Amino acid sequence: MGVDVWLDATLGSVFGLLIGSFLNVVIYRLPKIMERQWAAEAVAFKAAEAGEEPPSPPEPFNLLTPRSRCQSCGHMVQWYENIPVLSYLFLRGRCSACKTRISIRYPLVEIATGALFFFCIQRWGITPTGIAWCGFSAALVTLAFIDWDTTLLPDDITLPLLWVGLLASATQLIAVPLYASVVGAAAGYLSLWLVYWGFKLVTGKEGMGYGDFKLFAALGAWFGWQALVPIILMSSVIGAIVGIALKIFSSLREGGYVPFGPFLVGAGFTAMIFGPNAIIESVLKLVGL
């Protein structure tokens, strides 16, 4: 492997660290943006029913406004306090103003994104294909953490991920024929949709959300219908391991519910790095076959 490849991959990882810093903002703010939007729509609907004037719009709150600040004391984060990983180490994981501890998850998201970008550029180069897989990685990281925090998989991410996968297949940016990509998207959605309704009819409960259907459809678009069974097998194994560990350490949330999205994401990364066939081999080894 030439020096140029390692240099490109290193530059990709640096860019990934910067993107990871932005993903932390998306992970925190996007669910809150959605909640504010739902609340505003509910208030506007009630006002319209009552024949009242609609309320004045709230202060802007989006991915860019307002600037990042400490959630404890309101200290405005300066640019030099927002350098990926380095600022966290320099500040020793605490707010510079009130010394409140900053979650280690922030640098971990940055490191994970940087590592994934390094892999994508090292494997596919600084090409449209490499950039496409970098975007795929960033979307999955964001979805995994949002779902873990809120049990939401926003359409703002899952649907573009699905359509970009289909377009990447149509333009041959990824090595998946368009037929396999389209069938993978449809089969991915319908398979979990059927599981959802089957489980609900039998138990009267909802075992998963519609966001899981859309995420699985997106993975089907990126990897083709042949990868759906390996991906669902790996995600189920990962989910079982994590669920057992959480139960052992009494870390299950109220109701014992564990979101499925992060496990689909883990299986998606396994498919990207090792290939779908490697998933089957890994599962067979785990179950001792």
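# Helix packing and aromatic pairs

Modeller: In this predicted model, helix 4 passes helix 7 in a left-handed crossing.

Colleague: Why are helix 4 and helix 7 called roughly antiparallel to each other?

Modeller: Helix 4 and helix 7 pack at an angle of about 160 degrees, with their axes 13 Å apart. An angle over 145 degrees counts as roughly antiparallel, and helix 4 and helix 7 are therefore given that description.

Colleague: Which residues make the contact of helix 4 with helix 7?

Modeller: Helix 4 contributes Ala-132, Trp-133, Phe-136, Leu-140, Leu-143 and Asp-147, and helix 7 contributes Asp-212, Leu-215, Leu-219, Trp-222 and Phe-223. By class there are nine nonpolar, no polar and two charged residues.

Colleague: What makes the pair of Trp-133 and Phe-136 edge-to-face?

Modeller: The ring centres of Trp-133 and Phe-136 are 5.0 Å apart, with 75 degrees between the planes. Trp-133 and Phe-136 both belong to helix 4, which covers residues 128-150, and they are three residues apart, about one turn of the helix.

Colleague: How do you know whether Trp-133 counts as buried or exposed?

Modeller: Trp-133 has a relative accessibility of 6%. Buried means under 20%, so Trp-133 counts as buried. Phe-136, at 0%, counts as buried on that cut-off too.

Colleague: Why is the pair of Trp-133 and Trp-222 called tilted?

Modeller: The planes of the two rings stand at 55 degrees, and their centres are 4.9 Å apart. Stacked needs an angle under 30 degrees and edge-to-face one over 60, with the rest called tilted, so the pair of Trp-133 and Trp-222 is tilted. Trp-133 lies in helix 4 and Trp-222 in helix 7, so the pair ties together parts that are 89 residues apart in sequence. Both of these tryptophans are buried.

Colleague: What makes helix 6 and helix 7 roughly antiparallel to each other?

Modeller: The axes of helix 6 (residues 178-203) and helix 7 (residues 210-223) cross at roughly 155 degrees and come within 7 Å. The cut-off is 145 degrees, and the two helices are therefore roughly antiparallel. The crossing of helix 6 with helix 7 is right-handed. Among the residues in contact are Gly-184, Gly-188 and Trp-193 of helix 6 and Phe-213, Phe-216 and Gly-220 of helix 7. The contact of helix 6 with helix 7 divides into 12 nonpolar, five polar and two charged residues, with Gly counted as polar in this scheme.

Colleague: Why are helix 3 and helix 4 called roughly antiparallel to each other?

Modeller: Helix 3, residues 105-124, packs against helix 4 at about 155 degrees, with the axes 9 Å apart. That angle is set against the cut-off of 145 degrees, and the two helices are therefore roughly antiparallel. Helix 3 passes helix 4 in a right-handed crossing. The contact includes Val-109, Cys-120 and Trp-124 of helix 3, and Trp-133, Cys-134, Val-141 and Phe-145 of helix 4. Its residues divide into 11 nonpolar, four polar and two charged.

Colleague: How do you know whether Val-109 counts as buried or exposed?

Modeller: Val-109, found in helix 3, has 0% relative accessibility. With the limit for buried at under 20%, Val-109 counts as buried. Leaving aside neighbours within four places in sequence, Val-109 is in contact with Gly-20, Leu-23, Asn-24, Ile-27, Val-141 and Phe-145. Val-109 and Ile-27 are 82 residues apart in sequence, with their C-alpha atoms 10.0 Å apart in space.

Colleague: What is the relative accessible area of Val-265, and does that make it buried or exposed?

Modeller: The value for Val-265 is 3%. Since buried means under 20%, Val-265 is buried. Val-265 has its place in helix 9, residues 261-274. Not counting residues up to four places away in sequence, Val-265 touches Leu-140, Ala-144 and Leu-215. The C-alpha atoms of Val-265 and Ser-235 are separated by 7.8 Å, and the two residues are 30 residues apart along the chain.

Definitions and conventions: Residues numbered from 1 in each chain as written. Predicted model: local features only at pLDDT ≥ 70, side-chain atom pairs only at ≥ 80, totals over all residues. Heavy atoms only, no water. Axes fitted to C-alpha atoms, helices over the stretch in contact; angles between N-to-C directions. Helix = DSSP H or I, 4+ residues; strand = E, 2+ residues; numbered from the N terminus. Parallel < 35°, antiparallel > 145°, perpendicular 65-115°, else oblique. Left-handed = near helix turned anticlockwise from the far one by under 90°. Contact = heavy atoms within 4.5 Å. Phe/Tyr/Trp six-rings, centres within 6.5 Å; stacked < 30°, edge-to-face > 60°. Buried < 20%, exposed > 50% of the residue type's maximum accessible area, 1.4 Å probe, protein only.
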